[in-house]
Amino acid sequence: MTVTLVPPGPDLLDQYAAALAQGWSPDNTRDVSAEQLAALRADPDAFLAGLVSNSGTITLWDGRKVPKLPSIRRWIFDGDFCGSIGFRWQEGTEELPDYVLGHIGYAVVPWKRRRGYAGAALRLTLAEARAKGMARVMVNCSDNNAISRRVIEGCGGVLERSFDHPAFPGEAELVFWVPTGG
Ligand SMILES: CC(C)(COP(=O)(O)OP(=O)(O)OC[C@H]1O[C@@H](n2cnc3c(N)ncnc32)[C@H](O)[C@@H]1OP(=O)(O)O)[C@@H](O)C(=O)NCCC(=O)NCCS
């Protein structure tokens, strides 16, 4: 099955809502399934606009609200909704604010896992970063997340360091640099 990335849109919104209703969260630092589902049901158009907007704020794992960085949000698609991948960056630098866990984050719905979709989505997003002139991006995962580590290393990621992160007590957060091929 061919995997593509598509912009969030109304055609897949029911499938996205069904994933949220089953407890799937597109944010890996905190479970946003309930709050996203409530927002989606309250105003679907505003919800979709918010997903792709580059203005406004995002809420961190500790409740802090911070301004959104420039970003691209895509849904992973094989004919059905499969998951979500986000790419955020700061113009003119490969640095990120310390509260941002990597340039790229992704989550695949449980019923579409183990098909290579996360790796495919990451490779497609690396091409977006390359098109922006970035030679490499930072991608993080927990040392408990062996599957995500495989995804990152499968795309050429090289471990740089690990650190303790307050969102994940008892787990080390691994920091990888992944070449974009650019
Ligand atoms: C991590 C996650 C995105 C992986 O998605 P996926 O589409 O199933 O991943 P892939 O199919 O591309 O698999 C990646 C690798 O892990 C392996 N793998 C996948 N699931 C596995 C499992 N349950 N047990 C062992 N290996 C597994 C695959 O064989 C593949 O290895 P390979 O490249 O050597 O063949 C998905 O499990 C997920 O959404 N988890 C919750 C959110 C999350 O952890 N996001 C990442 C945060 S950093």
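Residues 24 or more positions apart account for 57% of the contacts in the chain with a separation of 6 or more, a contact being a pair of C-beta atoms, placed from the backbone, within 7 Å. The model is predicted: local features need pLDDT of at least 70, side-chain atom pairs count only at pLDDT 80 or more, and totals for chains, interfaces and linings use all residues. Residues are numbered from 1 along each chain as its sequence is written.

The chain holds five helices and nine strands, taken as DSSP runs (H or I, at least four residues; E, at least two) numbered from the N terminus. From that end the order is β-α-α-α-β-β-β-β-β-α-β-α-β-β.

Of the 182 residues, 29% count as buried, that is, with 20 or more other C-beta atoms within 10 Å of their own. The largest nonpolar core has 34 residues; such a core joins buried Ala, Val, Leu, Ile, Met, Phe, Trp, Tyr and Cys residues through C-beta atoms within 7 Å. I76, Y117, A121 and L122 have the most contacts inside this core. Helix α4 gives the most to the core, seven residues. Beyond its neighbours within four places in sequence, L122 is in contact with I104, Y106, V151 and C155.

Attention now turns to the ligand. Around the ligand are 18 residues, each with its backbone-placed C-beta atom within 6 Å of the molecule; R113, A118, G119, C141 and R150 come nearest. Elements giving two or more residues to this shell are β6 (104-108), α4 (117-131) and α5 (146-154). The largest share, five residues, comes from α5.

Notes. Buried ≥ 20, exposed ≤ 12 C-beta atoms within 10 Å, placed from the backbone. Contact = placed C-beta atoms within 7 Å.
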